[in-house]
Amino acid sequence: MAGRGRGNGKSLTHEQLQALGITRADNAPQILAPPPLFPKLEVKPLPLNCDAATDYMVIVKDQFIEYLHESPAYVKANTRTDGIERYSDKYKLLALDAKKGKVLDCVWANMPPELRPHGGRARTTTRKRKLDDPIEIAKRLQTLEKKESQEDTAMETNENEEEVKKEDEDNEELLDEQEQEEEIDDGTDYANNYFDNGEDYEDEDDALDDGPVY
Amino acid sequence: MTHQLGRVVSQILGRHFGEIVQQVGNDLFMYGSKTIGMIVKTTGLPRTQVIESLRTLLKFDLATFEADATVEYKLNSENILLLIRYPRYLLQMKSKYGSEAEMIVEELLQQASCTATVLLVTVMNKYKDDKEKNLNIVNLKDTFISLATAGYIQQAPVAELKDGSEIPILVPVATIVPDLDVRDLMQAMTSNLADCKDNTYWKVNYDRFHLDFRDDMMIKAITRRIDENAGELMRLMLEQMYLSSSAWAVESSPAAACDLRDLALRVHDRPLLHAHVDHYLKVLEENGASFIRRAGDAGGGQYVVRTKRAAEQLLEALLDHTVTERLGSKAARIFRLIRSKKYIEEEDIQKNAMLPNKECKELTYKLLEEHLISVQPMRKAASAGGSAKAIYLYHVKLYDAAHAARELCLRAAHNVSRVSSATRAAHARLLDKQRRVRSIVHGMRVRGEPQQNIDDVLETLTPPELSAVSGAERRLRALSAAELELDRALFLISCYFAFPR
């Protein structure tokens, strides 16, 4: 009576297997190779009917997809360059620039605020926080004063020049800090995409003026 | 929400909106609903690109969002499948309402949602120089209004702000047929589009199109089964149905035979139908695949359109064909036998299908493997002998079989789309070159340059290149056509699922 009931490890008894038509003689030899990736078609499929309606639909479909590819709805990855300057780069960049400025034309009222352009979190407040702090400002001024005195002793230069220089340094430091802050903020390279000091653009322009690159 | 659906949805997104939207779509499909931050984390894409992708998805109604403490996005996979049905909508418009309606719907499908003024003015400006179309803003406006009246386009949901929150909630609104002023439209055409005050947005009502497709399918089935007059009668009955009952009702409310007779008499150039309306009704009732049913005898007989039954019948025909084409006519015989007997034992299948024992078993198991038939074990109480005998009853669960067929379709759609993108990638350079040559030649023809120069440009495509590119184009065309066919099958199956089980 041990073989009765459910369980016991086996799902079907010998009789049941036989009732299902599986007998020992019938068992196919074991196949060890994996099945083919592209199995052969057993039956040839029916031919597709080609009428004017189908032709029309195929054309319309291609047009629609082409439209989407041209529209800003088609999201493109930022192109990476391999550092080799090519003649075609200029045209590619021109084509890219034409598309880049476009934002998808949506009904912004129907979108969550985080998707709206320039919406989302207020970034400027967090950015300037450090400077608002009076202690910070005092500290910064002190360090700058120290530097000034050191440099004064080091070399003799016109005072006006010195001031200009200082300002420049200050600005650069500020910029650097802002960048760092942003990066920490997001944990992504989101901010990097936007950061463009305009140097590349100038270079490109020059190249255009000089004539084509050979 | 199956694995196959996810694969095909991903392919469609990739084909239409590029790899990045595809990645975001995949992520949303896998996890159900997610916030932006989570998507950024799992996909590893820059935040700007994720935002752009979500804008695209939301614009085309391919995703929805839920406003809670944070905004969570959800993929709307059913609507993504509809993207491959767009050509069919346009064909329907063109054949039923003419090219003006087609242009309006095409523009609206491209814009996803749009105000009436912007829509009409854009269409007008687009085809302004086309003398063949000969567009007229008044006609265009009338077409728009008739489309809105017929329900092919409807008003888009309106955003409502809950107090205190910035996140809008989309609320569907009833469509009010607009009263557009031609003078305003004319003015909008000349001035800048951005500063028009119209803020009622419109979008395409897919469901209305689906009703049309379903009716066409039923009429075509009757036409093929009986004849064109019967098809015409079916059309009249469906028209009558829309007057009295909801569109996706399981059965329509009864229509009197005399009403139908009156309607039939009003149809021109169908003398046979005029003469034999009653006979046609009788034939439809008895031999019309039970699309209609005689509900009562009052008023010369009352007839009911059984839409759900029709969907089932059409689905059964589709399944029969699927089995025939995949496993052969003998398997189809077994399939039909099982369906007609409801529950049947394996031995009886062999006897009734009149097939050799082994072959019959093999085919039955294959059907079982494809989930087109199911098996129900019935255990007899253990007899004294100790051997618990069970009988296995084979039967067709239509709902499960429909799911199996849907899976097959989705898998095929994925494969088709995959193969075509591979073909396109393999011949990308050649296809690009051909397109460029074509546009140059077109420009030269417009400018009226000598044939010699045009030939020179045409010869830049060498004969082997030409043969390769035409081969690729033929394949792509066949694959597109196959995709459209698959969509028809998918539509039929979704018709069946539209009714309550």
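What percentage of the 214 residues in chain A is buried? Buried residues, meaning those under 20% relative accessible area (1.4 Å probe, protein chains only), make up 14% of chain A. In chain B, buried residues account for 49% of 501 residues. The model is predicted, so local features need pLDDT of at least 70 and side-chain atom pairs count only at pLDDT 80 or more, while totals for chains, interfaces and linings use all residues. Residues are numbered from 1 along each chain as its sequence is written, chains are lettered from A and ligands numbered from 1 in the order in which they are written, and side-chain values use heavy atoms, with hydrogens and water left out.

**Chain A**

- Chain A has nine helices and zero strands, where helices (H or I, at least four residues) and strands (E, at least two) are DSSP runs numbered from the N terminus.
- Along the sequence, the pattern of chain A reads α-α-α-α-α-α-α-α-α.
- The accessible surface of chain A is about 17800 Å², with 54% belonging to carbon and sulfur atoms; accessible areas come from the Shrake-Rupley method with a 1.4 Å probe, and for residues only the protein chains shown count as cover.
- Of the contacts (heavy atoms within 4.5 Å) in chain A between residues at least 6 apart in sequence, 57% join residues at least 24 apart.

**Chain B**

- Chain B contains 23 helices and 14 strands.
- Among contacts in chain B with a separation of 6 or more, 65% are between residues 24 or more positions apart.

**Interface of chain B and chain A**

- The contact involves 54 residues of chain A and 65 residues of chain B.
- The two chains bury about 5200 Å² between them, 61% of it on carbon and sulfur atoms; buried area is the accessible area (1.4 Å probe) that two parts lose on being put together, summed over both.
- Two salt bridges are found across the interface, each being a side-chain nitrogen of Lys or Arg within 4 Å of a carboxyl oxygen of Asp or Glu.
- B:Glu483 and A:Lys61 form a salt bridge in which the closest N and O atoms are 2.5 Å apart.
- On the side of chain B that touches chain A, helix 4 (residues 47-59) of chain B gives the largest share, 11 residues.

**Individual residues in chain B**

- Most residues other than glycine have a negative phi.
- B:Asp61 has a positive phi, near 65 degrees, and lies in the loop between helix 4 and strand 2 (63-67).
- B:Asp61 is partly exposed, at a relative accessible area of 27%; partly exposed covers the range between buried and exposed, and exposed means over 50%.
- B:Met354 also is not a glycine and has a positive phi of about 55 degrees; its place is the loop between helix 18 (346-353) and helix 19 (357-369).
- B:Met354 is exposed, with a relative accessible area of 67%.
- B:Asp212 sits in helix 11 (residues 206-225) and is buried, with a relative accessible area of 6%.
- Neighbours within four places in sequence aside, B:Asp212 contacts B:Gln92, B:Lys96 and B:Tyr152.
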